[in-house]
Amino acid sequence: MATEPLRTDAVAELPVSLADVRAAAARIGKSIVRTPTLLSQTLSKMTGATVYLKFENLQFTAAYKERGALNTLLQLPESARETGVIAASAGNHAQGLAYHGARLGIPVTIVMPRTTPTVKVMQTESHGATVVLEGETFDAAYAHARKLEGERGLTFIHPFDQESIIAGQGTVGLEMLEDVPEIDTLVIPIGGGGLISGIGVAARGLKPDIGLVGVQAELYPSMFNRMKQTDLPCEGDTLAEGIAVKQPGDLTSRFVQALVDDIVLVDERTLEEAVSLFLQIEKTVVEGGGAAGLAALIAHPERFRGKTVGIVLSGGNIDTRLLANVLLRDLARSGRLARVRVRLQDRPGALYNVVRIFGEQQVNIIEIYHQRIFTSLPAKGLITEIECETRDRAHLDRLVDALRIGGGYEVGLVELD
């Protein structure tokens, strides 16, 4: 990892420079949204840092990935434009490449695993790309894409481990520091490493002493492992699927080694909290990987307190059902949504008396579940679970006290992990 003073010799040897990033900005500027970098007063107050947000979820394809894709497409020789390009991706790289390929009249083929959600396949096809489903994993899809590259004479465009991709992604950092030069720390999500590599080049070129911290999901600490020589497992169902990369790039690893101060890990609960906060506070939809920067501030507040921090909302492509689950789980953890388990006697009026207490406490009942059969209670006993809505944790605690102390009931809460 980079140390103080910054190793300028290592930076000078990198194959992408600030001039390359500036050239990319000029090249793609007319076709990319210059997304705003805005101060979040509420998140600043919550975290103790001065927090600026770069809204890359406002790109047409809702992710920064189209910057690198377009920069690469615009530099293709005419022969490659006519034959077409190919990539392996099940996410934002596929859509960025497909959209700008269609705009430029360049045929685009995307190889996706067969397990890719139908909505992602449809979105990519809607931009005019040819989608090939192959294999059960990304590695299998990647291998097939490289095979088709040779068979069909297509040009392969890597999602992160390619110089033109890195230069294009670096335009995010260029814009952030042009708009808010007082930013002294950047907190950037890492999957394969393309975004932080490009931003690192731009940031170090403009402001050599700036802090640069990468963020990975605890379940996929691939770049963390490589930089710190650890062997943490890389697997599991993460909300941050856009940065769930098992093998970081060899090229991007060189950039991270030379440019990045440190990498921190964030757990799933904190990622969920960050996604929820963005929707509640900023009224913006962010995918799990796009929320990683805020998750880092929540998980490591002492590290960033008092600093002027720039965060990239790198993407907003999240399944609506998954988003609904994240929001409901956050309500449950905060006490605003709860399931209260009450032990009753199976006799007339028993449920009425419980419901009366809910009414007295001004708690809204959403659902009631009775369990008489699958329980170890005596035959005349039953368990009722009442899903309800409260104002906050203190309001929920008052309800539980009223049931337990005032009503004499045996009460418990069905808690989330």
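Which residues of the largest nonpolar core touch the most other members? In this predicted model, they are Ile 183, Leu 186, Ile 188, Phe 255 and Ile 263, out of 38 residues in that core. Several elements each supply at least two residues of this core: helices H2 (18-28), H9 (163-179), H10 (194-206), H11 (222-228) and H12 (250-259), together with strands E7 (185-189) and E9 (262-266). A second, separate core has 33 residues, including Val 266, Leu 277, Ala 292 and Ile 318.

Leaving aside residues up to four places away in sequence, Ile 188 touches Leu 195, Ile 196, Ile 199, Leu 212, Val 213, Gly 214, Val 215 and Val 312.

| Helix | Buried residues | Exposed residues on the face turned away |
|---|---|---|
| H2 | Leu 18, Val 21, Ala 24, Ile 28 | Ala 19, Ala 26 |
| H8 | Ala 141, His 144, Ala 145, Leu 148 | Asp 139, Gly 150 |
| H17 | Ala 350, Val 354, Ile 357, Phe 358 | Tyr 352, Glu 360 |

Why do the buried residues of H2 line one face of the helix? Seen down the axis of H2, they fall within an arc of 120°. The buried residues of H8 fall within an arc of 105°, so they line one face of that helix. For H17 the arc is 105°, and its buried residues therefore line one face as well. The general rule behind such patterns is that an α-helix has 3.6 residues a turn, so residues three or four places apart point the same way.

What covers these faces? For H2, the cover over the buried residues includes helix H4 (65-74), H9 and H10. The buried residues of H8 pack instead against strands: E3 (85-88), E4 (108-112), E5 (130-133) and E6 (155-156).

**Span and helix ends**

H8 runs over residues 138-152, and its 15 residues reach 21 Å from the first C-alpha to the last, close to the 21 Å expected at 1.5 Å a residue. After H8 comes Gly 153, which has a positive phi near 70°. H17 covers residues 350-360, and just after H17, Gln 362 takes a positive phi of about 60°.

Technical notes: Residues are numbered from 1 along each chain as its sequence is written. This is a predicted model: local features need pLDDT of at least 70, side-chain atom pairs count only at pLDDT 80 or more; totals for chains, interfaces and linings use all residues. Side-chain values use heavy atoms; hydrogens and water are left out. A nonpolar core is a set of buried Ala, Val, Leu, Ile, Met, Phe, Trp, Tyr and Cys residues joined through side-chain atoms within 4.5 Å. Buried means under 20% relative accessible area, exposed over 50%, partly exposed in between (1.4 Å probe, protein chains only). Helices (H or I, at least four residues) and strands (E, at least two) are DSSP runs, numbered from the N terminus. Contact means heavy atoms within 4.5 Å. The arc is that of the directions from the helix axis to the C-beta atoms. The expected span of a helix is 1.5 Å times one less than its number of residues.
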